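Work through the exercises below with the sequence and the 3D structure at hand, and try each task before reading its solution.

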Amino acid sequence: MAKELIQRALLIHLEDGRHQLRSFGIEDVLGPVDFGWRMQREGDWLCIGSGVLAGGIIPGSNRLIFAGRSPLWGGFYVSTLGGAA
């Protein structure tokens with residue numbers, strides 16, 4: 001039996017500082033950017049997460065990904081931090 005891949009994301013609400021750690025299956029969301037995009041429907045969240053390849057030996061796969069709505073220009077943004085995942 002194959003082990004199900006689980007993704008996790010740390011969510012921080014920008015208005016009041018609420019936070020939560022959310023887990024979901026790989027079939028639900030493509031990755032942290034897709035998850036961040038979907039979370040904008042629920043409110044003004046900054047999503048921090050890593051992809052399913054994090055922790056592997058592939059160069060560049062250990063990037064921590066930040067996704068959310070920019071309060072400065074009002075658009076959706078994605079930023080990454082190398083080696084942090």
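A residue counts as buried when its relative accessible area is under 20%, as exposed when that area is over 50%, and as partly exposed in between. Keep in mind that the model is a predicted one.

**Exercise 1.** Find the salt bridge that aspartate 34 forms, and decide whether aspartate 34 is buried or exposed.

*Solution.* Begin with the partner: aspartate 34 forms a salt bridge with arginine 38, and the closest N and O atoms are 3.1 Å apart. Finally, apply the cut-off: aspartate 34 has a relative accessible area of 19%, and because the limit is under 20%, aspartate 34 is buried. Arginine 38, with 36%, is partly exposed.

**Exercise 2.** Describe the salt bridge of arginine 18.

*Solution.* The partner of arginine 18 is aspartate 16, with the closest N and O atoms 2.9 Å apart. Arginine 18 has a relative accessible area of 46%, so this residue is partly exposed. In total, the structure holds 2 salt bridges.

**Exercise 3.** Work out the order of the strands in the sheet, and say which strands stand at its edges.

*Solution.* The open sheet has 5 strands in the order β2-β1-β3-β4-β5, with antiparallel pairing. At the edges stand β2 (19-25) and β5 (76-81), each with a single partner strand, so one side of each has no neighbour in the sheet. On average, neighbouring strands of this sheet are turned by 25 degrees against each other, direction ignored. Helix α1 packs on the sheet, and its direction makes about 165 degrees with that of β3.

Definitions and conventions:
Residues are numbered from 1 along each chain as its sequence is written. This is a predicted model: local features need pLDDT of at least 70, side-chain atom pairs count only at pLDDT 80 or more; totals for chains, interfaces and linings use all residues. Side-chain values use heavy atoms; hydrogens and water are left out. A salt bridge is a side-chain nitrogen of Lys or Arg within 4 Å of a carboxyl oxygen of Asp or Glu. Buried means under 20% relative accessible area, exposed over 50%, partly exposed in between (1.4 Å probe, protein chains only). Two strands pair if DSSP finds at least two bridges between them. Helices (H or I, at least four residues) and strands (E, at least two) are DSSP runs, numbered from the N terminus. Axes are lines fitted to C-alpha atoms, for helices over the stretch in contact, and angles run from 0 to 180 degrees between N-to-C directions. Contact means heavy atoms within 4.5 Å.
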